[in-house]
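Open the model in your viewer and keep the sequence panel beside it. The stops below can be selected one after another.

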Amino acid sequence: MAVKVKRTTIESAAIVKKVRSVPQHRPHVKYVTCDVDGTLLNSKHNVDPRVEAAVIDTLACGVKFVCASGKSRQGVLNSVGPTIEEHLRKAYGGQVPGIFLNGLIVYGLNGEIVYEKTVPESTSWKIVNKARELGMTLVAYNEDRILCEKFDAETEKLRPYKEPHPEPIGKWENVIGKVPLHKFMFLAPVEECRKYRGEIDILMEGEAKVTQAIPDMIEILPGQGSKGAGVEMFLDSFGGKFENLLALGDAENDLEMMEMAKYGVAMGNAMACLKKVAKDVTKTNDEAGVAHALNRYVLRNNSLNGLSSSLYSRVEQAQIVPSQKNEKVELATV
């Protein structure tokens, strides 16, 4: 069977689709760091059965698959469901390693904390005062706990994301300087987040990192904190290399991780800023994009003999969208 390649010039600067066959050089992926919301989960906050099968097969191949999320570890486990949690624990001796709270707390392969970063007290007060000035709801994360002054309609927005339910603490004065806080998050309608994002950026310049994964939530991380930094600490904890890393994500908070990984794959539903730096773009989270990426970059290059679940019988050949702006490649079998 021959493959005929037809090339056409694209005038638009938009990222365009490119359907490719198996790469000439097989990817040598040993580790996978996968975002959760917008990536592993579909738009209904569930795991597609094809994605679940692909993750199970990837772990069974001996590839180290972990989640790299802005969520707490408990929030991730609540989200991925009992089947994936069971296979993660089976692969890691009962533990759940990974990168959580956008890289601010990292658990190694044996379940130990290998890296942790918290917001300084002085920065915390700046954040609290700005939230009070703008009238925005504020929550803070303490490992697997989420703290807030009181419940309101904005804190309820966290419920679909399956995070631990926020705990009202009365006033921030009761916890700042007394409890380690890994990150803060402003919660507000999308329009307010857009309106005040610039002010928050200016306030935190040189002191903390501002990022967004979801349009109606603005996250504040301690200076130099990022998923990328967390992934680096995770790999360093056991001698892993970025040249063997497949990173999957969809949002601004995945940028550093995507740039560092040799195989950085953005979701079809990803923000434009992420598609720009990604090596490839897979299908959307509602089209089992993670399954297609794992199929292409991991499962095609590993034996699945004897596995109880085979992705090959469940998903079609992966279609990958590269970050190129000036040509489209169409493959037709003849």
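Select A293 to begin; this residue sits in helix α9, residues 289-297 (helices are DSSP runs of H or I with at least four residues, strands are runs of E with at least two, both numbered from the N terminus). The model is predicted, so local features need pLDDT of at least 70 and side-chain atom pairs count only at pLDDT 80 or more, while totals for chains, interfaces and linings use all residues. Residues are numbered from 1 along each chain as its sequence is written, and side-chain values use heavy atoms, with hydrogens and water left out.

A293 has a relative accessible area of 0%, so it is buried (under 20%; exposed is over 50% and partly exposed in between, with a 1.4 Å probe and protein chains only). Show its neighbours: leaving aside residues up to four places away in sequence, A293 touches L246, L248, V265, T282 and V298 (contact means heavy atoms within 4.5 Å).

Next, select helix α6, residues 227-236: seven of its 10 residues are buried, so the helix is largely enclosed by the rest of the structure. Those buried residues are K227, G228, A229, G230, V231, F234 and L235. Among the elements they pack against are β3 (64-68), β13 (245-249) and α7 (255-260).

Step back to Q224, in the loop between β12 (217-222) and α6. Its phi is near 70°, positive although the residue is not a glycine. Q224 is exposed, at 72% relative accessibility.

Finish at N102, in the loop between β4 and β5. Here too phi is positive in a residue other than glycine, at about 55°. Is N102 buried or exposed? With a relative accessible area of 0%, N102 is buried.
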